[in-house]
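We will go from the whole fold to single residues.

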Amino acid sequence: AVVSTQSTGAHTQHDNAAEYTCSASFTVGNDTYSSSGIGYLVINDDTTLEVLTPFLLAEVGSQSAVLSFQVTSRVNDQVSSEMVTWYKDSVIIEEGNGYTFASSHKQLIIASPTAADEGYYRVLVQLTTITLDGSMQLAVTSALPTVQFNADTYVGRVGEQLTFAIVVGGNPAPTVSQIQWYLGDTEVEQGDTNIRFSDDYLTLFRSSISEDDAGEIKVVVETSAGRTEETADILIIE
């Protein structure tokens with residue numbers, strides 16, 4: 001006959017399971033028997049990776065583009081940078097060359113994005129018992145350059161100075177080297193006879209004009225986003 005029984009138990013929490021240690025003893029007559037064992041209770045913690053930027057549209061010339069994700073878990077939501085690997089076109093992304101990481105690698109920051117940064121990005125998070133996977137797409141837009149004269153027709157007298165001015169725009173913004181001026185079919189540059197430009201190349205001063213200057217003036221602006229040109233008329237009077 002069983003005279004007495006006794007049991008004790010303890011458990012240790014793991015990332016996705018609880019470890020239980022159980023021991024029991026019982027006495028039959030003058031004999032005592034004991035036993036112990038370890039068991040695991042697996043916990044479904046619903047660990048997920050949520051992509052916060054599944055599709056990101058950035059403009060050329062913008063300060064940065066930020067791709068990001070978060071991991072949610074009832075048991076363990078601590079993600080360190082060593083657990084995270086970012087890819088672009090199957091190539092691992094290392095910090096540097098325009099890439100930086102933030103928030104334990106949960107954010108990938110792309111500085112001054114260009115068309116070369118477009119494409120699909122992938123992130124792998126290696127947790128203790130599971131690997132999480134997410135993908136994102138980055139598109140980079142640009143705006144064609146624009147150019148506009150401050151007059152449709154410029155009228156000048158022989159021997160006087162004639163001033164031409166333009167306003168340019170676009171994304172990325174045109175630089176001085178991307179602005180070209182033409183009198184008729186001839187390109188004019190700083191230092192040419194009777195030619196002087198403002199420092200930003202948005203104003204052209206043509207001194208000692210002659211009847212040969214009558215016709216058309218043209219400006220061509222070409223950036224990485226494309227090419228635009230605009231013309232205006234020149235009328236010379238005596």
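A contact here means heavy atoms within 4.5 Å. The model is a predicted one. Among contacts in the chain with a separation of 6 or more, 54% join residues 24 or more positions apart. The chain has 21 strands and 0 helices. Of its 238 residues, 34% are buried. The accessible surface of the chain is about 14,100 Å², and carbon and sulfur atoms hold 47% of that.

Elsewhere in the order, strand 11 (residues 119-126) pairs with strand 12 (residues 131-141). The two run antiparallel, over 8 bridges. Within this pair, G119 stands opposite L138 of strand 12. Strands of a sheet pair through backbone hydrogen bonds, in either a parallel or an antiparallel sense.

Now turn to the packing. In soluble globular proteins, nonpolar side chains tend to be buried together. The largest nonpolar core in this chain has 24 residues. F69, W86, L108 and V125 have the most contacts inside it. Seven segments each supply at least two residues of this core: strand 5, strand 6 (64-72), strand 7 (84-88), strand 9 (99-102), strand 10 (107-111), strand 11 and strand 12. There is also a second, separate core of 21 residues. F149, W181, I195 and I209 are included in that second core.

Which residues does F69 touch, leaving aside those up to four places away in sequence? Its contacts include L49, E50, V51 and L52. F69 also touches V84, W86, H105 and K106. V123, V125 and M136 complete the list.

Next, look at strand 19 (residues 203-206), where T203 is placed. Is T203 buried or exposed? Its relative accessibility is 18%, so T203 counts as buried; the cut-off for buried is under 20%. Beyond residues up to four places away in sequence, T203 touches T163, F164, A165, W181, R196, F197 and S198. Both faces of strand 19 are covered. T203 and F205 are buried on one side, L204 and R206 on the other.

Strand 19 has pairing partners too. Strand 15 (residues 162-171) pairs with strand 19 in the antiparallel sense, over 4 bridges. In strand 19, F205 stands opposite T163. Strand 18 and strand 19 form a hairpin, with 5 residues between them. In the turn, Y201 has a positive phi of about 65°.

V155, L235 and I237 make a nonpolar patch of about 230 Å². L235 belongs to strand 21 (residues 226-237). With 44% relative accessibility, L235 counts as partly exposed.

Key. Residues are numbered from 1 along each chain as its sequence is written. This is a predicted model: local features need pLDDT of at least 70, side-chain atom pairs count only at pLDDT 80 or more; totals for chains, interfaces and linings use all residues. Side-chain values use heavy atoms; hydrogens and water are left out. Two strands pair if DSSP finds at least two bridges between them. A nonpolar core is a set of buried Ala, Val, Leu, Ile, Met, Phe, Trp, Tyr and Cys residues joined through side-chain atoms within 4.5 Å. Buried means under 20% relative accessible area, exposed over 50%, partly exposed in between (1.4 Å probe, protein chains only). Patches are made of residues with over 30% relative accessible area and no salt bridge: like charges are joined within 9 Å, nonpolar side chains (Val, Leu, Ile, Met, Phe, Trp, Tyr) within 5 Å. Accessible areas come from the Shrake-Rupley method with a 1.4 Å probe; for residues, only the protein chains shown count as cover. A salt bridge is a side-chain nitrogen of Lys or Arg within 4 Å of a carboxyl oxygen of Asp or Glu.
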